[in-house]
Amino acid sequence: MGKIAHDQHVPAIAGNADIQLAAAAPCNCATSAQAIAQGWHVFLEKPPGATLAEVAQLQGAAAAAGISLFAGWHSRYAAGVEPARAFLAEAAIRSVTVTWREDIRVWHPGQAWILQAGGFGVFDPGINALSIVTRILPRPFFIADAELDFPENCDAPIAARITFGDDHGLRIAADLDFRQEGPQSWDIAVETDAGTLMLHDGGGRLVMPDGTEPTPVDALHGEYAGLYDRFVAVIRAGKSDVDIAPLRHVADAFLRGRRMIVAPFVE
């Protein structure tokens, strides 16, 4: 029961009449598999697994057991994401720029694991951006090029610059950095034939090409309430909802990216 559990999950559960918090347990692939074996529906926080193979194993086990498995990408439930998706479904998209820069010392103080092997490094927050972009764009895309900055004393990247493309020639550029000081940046700009659509504050604030803002600024708590509403809906429908696209892009970045050694990280 860490900070996110106390700050986000517990209030969201308390506000949902269909869910009760009964217990907490260490979460890993083995624990989720045990829950599935007991016939319990499973909510996987992001990322849904340490590896793609783990997630595939859980999906197979859930299907065999007839239970619901839900991969919760919380940033997709920010207030601006679905209106942006609806607009972009009808727009001619010219380019996408993702700027996801935050201060690791502010958001992960003393959490050395995040820059160790398996800790995801800058992709811990960066996967949130990928979860939004894979939701709002109407076509799938793939990595064309990537550079990953590894501090010489760490096993996970502290920054990454990635270029994606799709089969229609769309260019998507992502700048992820854990070394941002001062104001933090969680922005996605989509250039269209009608102008630039902007998502700010991790998807919480949408600015349309005409300058209007159709949704209220959303707090993080709204995202997690949406997650649990979706989990309940998935269970009632008797199905699973496990989108691995954001995790697949992270795996591809490690596979395709050039490793650049940078100065050691000092807490």
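## A walk through the fold

What you have open is a predicted model.

Switch to a cartoon view next. You can pick out eight helices and ten strands. How does the radius of gyration fit with a compact globule? For 267 residues such a globule would have a value near 18 Å, and the protein has 19 Å, so the two agree.

Now show the surface. The accessible area is about 12900 Å², and carbon and sulfur atoms account for 54% of it. Colour the charged side chains too: there are 20 positive and 32 negative ones, with the centres of the two sets 4 Å apart.

Time to look inside, where 46% of the 267 residues count as buried. Select Val96, Phe123, Ile136, Leu137, Ile162 and Ile188, which have the most contacts inside the largest nonpolar core, a group of 59 residues. Then select residues 123-136: this is helix α6, which gives the most to that core, with seven residues.

Zoom in on Ile162 next. Leaving out residues up to four places away in sequence, Ile162 touches Phe123, Ile143, Asp145, Ala146, Ile172, Ala173, Ala174, Leu176 and Ala253.

For a last stop, select Ile19, Phe43, Phe70 and Leu227. These are among the eleven residues of another core, which lies apart from the largest one.

Methods. Residues numbered from 1 in each chain as written. Predicted model: local features only at pLDDT ≥ 70, side-chain atom pairs only at ≥ 80, totals over all residues. Heavy atoms only, no water. Core = buried A, V, L, I, M, F, W, Y, C linked by side-chain atoms within 4.5 Å. Buried < 20%, exposed > 50% of the residue type's maximum accessible area, 1.4 Å probe, protein only. Helix = DSSP H or I, 4+ residues; strand = E, 2+ residues; numbered from the N terminus. Contact = heavy atoms within 4.5 Å. Rg over C-alpha atoms; globule rule 2.2 N^0.38 Å. Areas by Shrake-Rupley, 256 points an atom, 1.4 Å probe, with all protein chains shown as cover. Lys, Arg positive; Asp, Glu negative; His and termini not counted. Charge placed at Lys NZ, Arg CZ, Asp CG, Glu CD.
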